[in-house]
Amino acid sequence: MAHIIKLDEASLLSLDLSRVQDAIALWQAQDSADVLSPLRFEIDYPRSPDDPRELSEIPEIRLWFIRLDVQYPWFPLLLDWQSGELARYAAMLVPHEFHRTEGIQYNPEALEIFVMRVCFAIASHLQHQGLPSRSKLMNFARVFGYELDDDFFALLESPS
């Protein structure tokens, strides 16, 4: 079962990350990495009925997610990937277009940069936690259609 982070207009407009900080604290307090509840966002942002934009197309909401991404670059690790929350998170940060028949279409170069940046952030975070990262990174990249090879992991493991 996922933990819901509720975002309202006031928290979004003030760039308030306290609800995320609370969710991270709860997540970290759980006993085992195997039973950690993934996180989801519930966004309540008022729009006029004739506003055709998706939430990821609203600048104020995107700005909040940019701040979140800067503060916690490994945050995608905590999201409920199976529910599509990871794709929605990426849409907040990666230029894209919506197509009726094909769904969301990310800018390919921007998506590649996003995937690699998050892979580095997750690897670093898990390394600091003393946790293995290879399978998580491979699954993360696979969600977006990328495959990570042994050379990539060799680079991560090499001393800098």
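**Exercise 1.** Is Val70 buried or exposed, judged by relative accessibility?

*Solution.* Begin with the basis: this is a predicted model, in which local features need pLDDT of at least 70, side-chain atom pairs count only at pLDDT 80 or more, and totals for chains, interfaces and linings use all residues. Residues are numbered from 1 along each chain as its sequence is written, and side-chain values use heavy atoms, with hydrogens and water left out. Next, apply the classes, where buried means under 20% relative accessible area, exposed over 50% and partly exposed in between (1.4 Å probe, protein chains only). Val70, at 66% relative accessibility, therefore counts as exposed.

**Exercise 2.** Find which residue forms a salt bridge with Arg117, and describe both partners.

*Solution.* A salt bridge is a side-chain nitrogen of Lys or Arg within 4 Å of a carboxyl oxygen of Asp or Glu. The partner is Asp69, with the closest N and O atoms 2.8 Å apart. This pair links distant parts of the chain, since Arg117 lies in helix H5 (residues 108-129) and Asp69 in helix H3, 48 residues apart. Arg117 is partly exposed at 30% relative accessibility, whereas Asp69, at 12%, is buried.

**Exercise 3.** Determine which elements are tied together by the salt bridge between Asp8 and Arg19.

*Solution.* The side chains of Asp8 and Arg19 meet at 3.4 Å, N to O. Asp8 lies in strand E1 (residues 3-8) and Arg19 in helix H2 (residues 18-29), so the pair ties together parts that are 11 residues apart in sequence. Asp8 is partly exposed at 27%, and Arg19 is partly exposed at 34%.

Definitions and conventions. Helices (H or I, at least four residues) and strands (E, at least two) are DSSP runs, numbered from the N terminus.
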